[in-house]
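Me: I am new to this structure and would like a friendly tour. Could you take a look with me?

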Amino acid sequence: MNSADAAQAAPPRQMWPLYAAGFTTAFGAHGIAANLGGFSEDTVTSLLVLGGLLALYDGAEVLLKPLFGTLADRIGARPVLLGGLIAFAAASAAYAIADSPGWLWAARLGQGAAASAFSPSASALVARLNPAAKHGRAFGSYGFHKSIGYTLGPLLGGVLVWAGGMRLLFAVLAVLGVAVAAWALLAVPALPPLPKTRQTVLDLARRLADPAFLGPTAALAAATAALSVGVGFLPVTGATAGLGTIATGAAVSVLAACAALVQPKTGRALDEGRITARGGITAGLLLTAAGLGCAIVPGLPGLLSSAALIGTGTGLITPLGFAALAASTPTERLGQTMGAAELGRELGDAGGPLLVAAIATMTSLTYGYAGLALLLAIGPVLIITVLRRTNTEVDTGGVAYSTVAGSP
């Protein structure tokens, strides 16, 4: 069974464990990251140490996601998914049991490496378990549950740390990893790896340099960059304007809620032919750029409008980007493509805040927002220009897809 020959979307019992896996990686990443700053001074002794602990998770993902994505194509996505979830649980349990600074570093690195395995595998399974005509809905729902993890992570993580310290949070993540792995073992079918032609390094480079891959991946990276900037810097802008923590927290919640709620609706609109991938991604980039521009407007109206537009724009881009990648990728290479695309998102996650911070250090935060907004606004022009030159048809599982539209 694959996305090409499936007659209908996978039943919910097969999809829910994959949504739970997306929630797990998001909850684990943000739940711990948001609470490390207030952790014991014996462990987090400086901002440099804090930065190192935060970077471990993302650094492991940047290095390992493409490798695990390729492994998923070779041996099957389900074993890599299950192995990653079990490894995530083991890494979390290690610190919950040992409770020492050294084990915190090891556990954080282990969690990032494990997420590098089960995150792209889950994305590949979402694509293979659903027919191409349902990819929009499937990736919209997957993105929704992942956004819920990002949204609830800091809040629930803070409650757990308040109730029982960082060890309790890691213990809960260990239980969550085991529970999702068991659920996936029972509900997700074993899909054998598909036969594929031998691929050289040059073949891989050509495929990853194809606009059908670069366009959606660049858009996903841009969306993640803007999302990270919004979550990290909008509270700073609000505090500078004299707004309290309730107002700034509400702005971040609006951003996360818009990103979560828009994704399923966007996926359905793609499947029903009401939008195309290129048109939706272009609109998403422009909305996100407008949101960054609104951050320059002083006071609560600017803050909330910025959060709403960034959330809506990124909510448009995410499911459309993944659906376009699935449409332009041979089914037997889905894991590799999803791993490489996730790498692009991680680079955007790190690069967006770094870019804004660098510009803000030399000038002001206003110019930082403007710089990233300009990059996002240029994106649609590049996408339209490049893809018009390469309006080719690629065959994915027997169904022709346009690299421009990303839809049947």
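Predicted model: local features only at pLDDT ≥ 70, side-chain atom pairs only at ≥ 80, totals over all residues.

Me: Which residues lie nearest the centre of the largest pocket?

Reply: The lining is made up of 39 residues. They divide into 19 nonpolar, 11 polar and nine charged. Nearest the centre are His30, Ala33, Ser228, Val231 and Asp349.

Me: How much space lies in the largest pocket?

Reply: Rolling a probe the size of a water molecule over the atoms shows where empty space is left. For the largest pocket, that space comes to about 1400 Å³.

Me: What is the secondary structure of the protein chain?

Reply: Read along the sequence, the pattern is α-α-α-α-α-α-α-α-α-α-α-α-β-β. In total, the protein chain has 12 helices and two strands.

Me: How are helix 3 and helix 4 oriented, roughly parallel or roughly antiparallel?

Reply: Helix 3 (residues 77-98) packs against helix 4 (residues 101-128) at an angle of about 160 degrees, and their axes are 8 Å apart. Angles over 145 degrees count as roughly antiparallel. That is why helix 3 is, relative to helix 4, roughly antiparallel.

Me: What kinds of residues form the contact of helix 3 with helix 4?

Reply: The crossing of these two helices, helix 3 and helix 4, is left-handed. Their contact residues divide into 18 nonpolar, five polar and one charged.

Me: Why do helix 9 and helix 10 count as roughly antiparallel?

Reply: Helix 9 (residues 277-294) and helix 10 (residues 299-327) have axes 7 Å apart and pack at an angle of about 155 degrees. The cut-off for this class is an angle over 145 degrees. Helix 9 and helix 10 are therefore roughly antiparallel.

Me: How many charged residues are in the contact of helix 9 with helix 10?

Reply: Helix 9 and helix 10 have a left-handed crossing. Their contact holds 14 nonpolar residues and 11 polar ones, and the number of charged residues is none.

Me: What percentage of the protein chain counts as buried?

Reply: The protein chain has 408 residues. A residue counts as buried when its relative accessible area is under 20%. The share of residues that count as buried is 51%.

Notes:
Residues numbered from 1 in each chain as written. Heavy atoms only, no water. Axes fitted to C-alpha atoms, helices over the stretch in contact; angles between N-to-C directions. Helix = DSSP H or I, 4+ residues; strand = E, 2+ residues; numbered from the N terminus. Parallel < 35°, antiparallel > 145°, perpendicular 65-115°, else oblique. Left-handed = near helix turned anticlockwise from the far one by under 90°. Nonpolar A, V, L, I, M, F, W, Y, C, P; charged D, E, K, R; others polar. 1 Å grid on protein atoms, 1.4 Å probe; cavity = no way out; pocket = protein on both sides within 12 Å on 5 of 7 lines; lining within 4 Å. Points joined across faces, edges and corners; volume = space filled by probe spheres on them. Buried < 20%, exposed > 50% of the residue type's maximum accessible area, 1.4 Å probe, protein only.
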